[in-house]
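Biologist: Please take a close look at the ligand site of this model and describe its surroundings in detail. A connected account would be welcome, followed by the setting of the site in the protein as a whole.

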Amino acid sequence: MDGMTPDTLDDRARAILRDNDRGGYTVPTAGLYPYQWNWDSVFVAMGFATFDRDRAWQEIETLFEAQWPDGMVPHIVFRVDEPTYFPGPSVWQANKGPLPSSGISQPPVAATVIRMLAEQDSARAEALFEPLDRWHRWWHAARDPDGLGVMAITHPWESGRDNLPDWDKPGQAIDTSKVGDYTRRDTSLVDNDQRPKKADYDRYLALVQFGVDRDWDHARIAAETPFFVADPGITAILLRAERDLRAMAETFGRDTNAIDARIARLEAGHEQLWNPEAKAYCSRNLRTGAFAPDGTSASFLPLFAGVTDRKDELLETLDAFTNAVTYPVPSYDPQSALFDPLRYWRGPSWAMVNWMIADGLRQIGEDQKADRIRIDTAKLIRKSGFAEYFGPLQGEPCGGQNFSWTAAIWLAWGLNEISEGTD
Ligand code: DGY
């Protein structure tokens, strides 16, 4: 690291969370992401929980303050106007919730983390039970209207894995002819080569306009959008979240029938995302049925969700991913021609995805593989600091720096316990 005080990485990680705290919610990083982001906040809560439990709860409670009447918890909450960010609230025009927000959601990790926190503060967890249940029901209704048991995204940002190559082909169906001129802010803050390209951004904005034109009516959007892609990331994260919600329902003495039905549907749905050619769970364009061609880091998340039917093949694919890089787990198949080691979700490794993958590996007793990923994540952060994401070949720090979720994972995963030089 930079050799400056505060001198331990734990102190530094806590300082990042404190510095990025905007009063009840935490920005992912100053400048690039100046608002509250949904799954960022939930990982941040895991970090705060290691030294300030009250603040951890607050992080999630403020996120749920933005929940829409239809149950959606938005992907960005715009509490203040921040001219460093584009597209902000005036572009989204999504005024359906109690606070200004975007009009889409993000991976529903909240129930999993709330269950972890619940062990000591069950009253605060119970207060979030209904909102969580409503959010999960929203996913099923708005993103799986045909009851297939797989969750679609209506915008690449909804997946949390913005410029994944999976969205390239389905994205060709998006009409970008009315997007017009705009000025990006992200590329003035971060190296252009580490961010999505202009063609991707045109599509992102066209899909925002598509939602605005339908007044963010999610039933209409699902029925009419050209971009409706089943995502193994969301599907697995939601299944895991449903299991955690069910465990809380039992603790709180609530009926579990509806949750059980949703779990059964998601368990059965997974097989539709199994791509035998890629030996991986892959996203699938629900407008055409076509699979994305290659495995991604989300291909392993069904293990996090307790889906083990394909575990042997998945472990082989995971070995192929990890053996091809120095710092796993790459977000995209490193053997693919589409792999791009420094460009955001087209190759780099991400600490919070590593945590989820390792959790899944532990569930099937693959402790050695889980330890490997944990040690490599600690090495990455020791080498390159609390970057947003990292180059999997050389471990370069990429994207925003002093990044909240990387700091949070460092703390929550106890990475300081791994001493320097561990192999
Ligand atoms: C961005 O602005 O790049 C975000 O990823 C959108 O959620």
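Modeller: In this predicted model, an oxygen atom of the ligand has a polar side-chain atom of R195 at a distance of 2.8 Å. The protein buries 96% of the 230 Å² that the ligand exposes when taken alone. For Y85, a polar side-chain atom lies 2.5 Å from an oxygen atom of the ligand. For H75, an N or O atom of the side chain is 2.7 Å from a ligand oxygen atom.

The residues around the ligand, taken with a cut-off of 4 Å between heavy atoms, are Y33, W37, H75, Y85, W157, D162, R195, Y201 and Y344. By class, this shell comprises six nonpolar residues, one polar residue and two charged residues. In the class scheme used here Tyr and Trp count as nonpolar, so a polar side-chain atom of Y85 can lie 2.5 Å from a ligand oxygen atom while Tyr is still placed in the nonpolar class. Asp and Arg count as charged, and the shell includes D162 and R195. As for the space itself, the ligand takes up the largest cavity.

Most residues other than glycine have a negative phi, and most peptide bonds are trans. Against that background, the bond joining F86 and P87 is cis, with omega about 0 degrees. P87 is placed in the loop between β2 (76-77) and α4 (89-92). W216, which is not a glycine, has a positive phi of about 50 degrees. Its place is in the loop between α11 (198-213) and α12 (218-224).

Finally, the site may be set within the whole protein. The protein contains 19 helices and nine strands. Its C-alpha atoms fill a box of roughly 55 × 55 × 45 Å along the principal axes.

Definitions and conventions
Residues are numbered from 1 along each chain as its sequence is written. This is a predicted model: local features need pLDDT of at least 70, side-chain atom pairs count only at pLDDT 80 or more; totals for chains, interfaces and linings use all residues. Side-chain values use heavy atoms; hydrogens and water are left out. A polar contact is a pair of N or O atoms within 3.5 Å; within protein, one must be able to donate a hydrogen and the other to accept it, and residues adjacent in sequence count only if both atoms are side-chain atoms. Accessible areas come from the Shrake-Rupley method with a 1.4 Å probe; for residues, only the protein chains shown count as cover. On a 1 Å grid over the protein atoms alone, a cavity is a set of points where a 1.4 Å probe fits but cannot get out, and a pocket is an open set with protein on both sides within 12 Å along at least five of seven lines; lining residues have an atom within 4 Å of a point. A molecule sits in a cavity or pocket if more than half of its atoms lie within 2 Å of its grid points. Helices (H or I, at least four residues) and strands (E, at least two) are DSSP runs, numbered from the N terminus.
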